[in-house]
Amino acid sequence: MRDVSLASNPGRLLDMTGKKGLVIGIANEHSLAWAAARNFHAAGADLAVTYLNDKARPFVEPLATEIDASILLPCDVAQDGQLEAVFGAMTRTWGHLDFVLHAVAWSPSEDLHGRLTDCSADGFAQAMLVSCHSFIRTGKLAEPLMRTGGSLMTLSFLGAERVVDHYGVMGPVKAALESSVRYLAHELGPKGIRVNAISAGTVRTRAASGIEHFDELIDETERKSPLRRTVTADEVGRAALLLASDYTTAITGEVMHVDAGFHVNGMVFH
C-alpha cells in the first residue's frame with residue numbers, strides 16, 4: 001500500500017509541524033543558517049536559535065523573534081559550558097530534539113589569510129576546535145535527545161575536497177569536518193540519527209567576507225559551473241530543510257553539494 005503520510009497536507013508537502021530543531025551559527029540576515037531557519041519555520045518546525053555573544057545579539061534577536069523561536073541563548077562553542085547550556089535548555093523545554101544545523105566556522109585571521117605552510121599550531125588547533133570538534137560535541141549532546149532518531153547537519157565548502165586559493169587552513173579543517181560526518185553517521189546510525197553535510201557554493205555571507213579575493217570565487221563559479229551561476233542562501237536553506245525532513249530518512253554520511261554543479265568540473269576552458 002502506498003505510504004501517504006508525507007502527502008497528508010497537500011499545501012505543505014514538507015510538513016515539519018511538531019518537529020523541534022536547533023540552529024547554531026546565525027550571525028545576521030545574510031547567514032546561510034538564517035536561510036535554513038526561515039525554511040524550517042515556514043515548514044512548521046519549532047526552533048531554538050543561538051547567537052555568538054552580546055555583540056551579535058542585536059543582529060540575531062530580531063530574526064529569532066521573526067520565526068517565533070522558543071529558545072534564544074548565547075553559544076560560543078569555544079567557551080566552556082555554553083553549548084552544554086543550550087542543550088540543557090532544550091532538555092528542560094522540549095525533552096527531545098529532531099534536528100540540528102551546525103553552521104559554525106572560524107580561524108584566526110592571520111592563519112586564514114596566510115599560507116597553510118605557515119599556519120601556527122595554535123591557530124590550527126583553534127580552527128579545528130571551533131569548526132570541526134564543536135560538531136562532534138553537538139552530536140554527543142544531541143544523541144540522548146534524539147531517542148527516536150533525528151538529523152544532524154553541518155556546512156562545508158569545496159575547499160575541503162580541492163585546493164581553493166585563499167581558503168588556507170580552512171581547507172584541511174573542513175576536510176576533517178566532512179570525515180567526521182562519515183564517522184558520526186556510522187556511530188549514530190544504529191539509533192536512527194542521520195548525519196550529513198551541505199557543501200555550499202559561493203554565497204555572499206559574513207563568513208565568506210573573511211576569504212580574500214572572494215569576488216574572484218563568485219566570478220569563477222558563474223563562469224564555470226554547469227548552471228552558469230552561483231547559488232542563493234535560500235537554495236542552501238531548502239537543502240537543509242530537505243535533510244531535516246522525513247524525505248531523507250535513508251540518507252546519511254553524505255556531502256550534498258549545493259553549488260550549481262561547480263564541483264563536477266575539472267579543467268574547463270570554454
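Is I193 buried or exposed, and what is its relative accessible area?

Reply: The model discussed here is predicted: local features need pLDDT of at least 70, side-chain atom pairs count only at pLDDT 80 or more, and totals for chains, interfaces and linings use all residues. Residues are numbered from 1 along each chain as its sequence is written, and side-chain values use heavy atoms, with hydrogens and water left out.

I193 is buried, with a relative accessible area of 2%. Buried means under 20% relative accessible area, exposed means over 50%, and partly exposed lies in between (1.4 Å probe, protein chains only). The residue belongs to strand β6. Helices (H or I, at least four residues) and strands (E, at least two) are DSSP runs, numbered from the N terminus.

Leaving aside neighbours within four places in sequence, I193 is in contact with E143, M146, G149, G150, L152, L188 and T252. Contact means heavy atoms within 4.5 Å. The C-alpha atoms of I193 and G139 are separated by 9.3 Å, although the two residues are 54 apart along the chain.

The axes of α5 and helix α6 (residues 170-188) come within 10 Å and cross at roughly 20°. Axes are lines fitted to C-alpha atoms, for helices over the stretch in contact, and angles run from 0 to 180 degrees between N-to-C directions. The two helices are therefore roughly parallel to each other; angles under 35 degrees count as roughly parallel, over 145 as roughly antiparallel, 65 to 115 as roughly perpendicular and the rest as oblique. Helix α5 (residues 121-142) also lies across β1, β4, β5 and β6, running at about 170° to β4.

The sheet itself comes next. Its 7 strands form an open sheet in the order β3-β2-β1-β4-β5-β6-β7, with parallel pairing. Two strands pair if DSSP finds at least two bridges between them. β3 (71-74) and β7 (255-258) stand at the edges, each with a single partner strand, so one side of each is left without a neighbour in the sheet. The twist averages 20° from one strand to the next.

Within this sheet, 4 bridges join β1 to β4, and G21 stands opposite F99 in β4. Another 4 bridges join β4 to β5, where H102 stands opposite T154. F99 and L101 point one way from β4 and V100 and H102 the other way, and all are buried.

Finally, the interior may be described through its cores. A nonpolar core is a set of buried Ala, Val, Leu, Ile, Met, Phe, Trp, Tyr and Cys residues joined through side-chain atoms within 4.5 Å. The largest has 36 residues, and those with the most contacts inside it are I26 and F40. A second, separate core of 31 residues includes F135, L152, L184 and V195.
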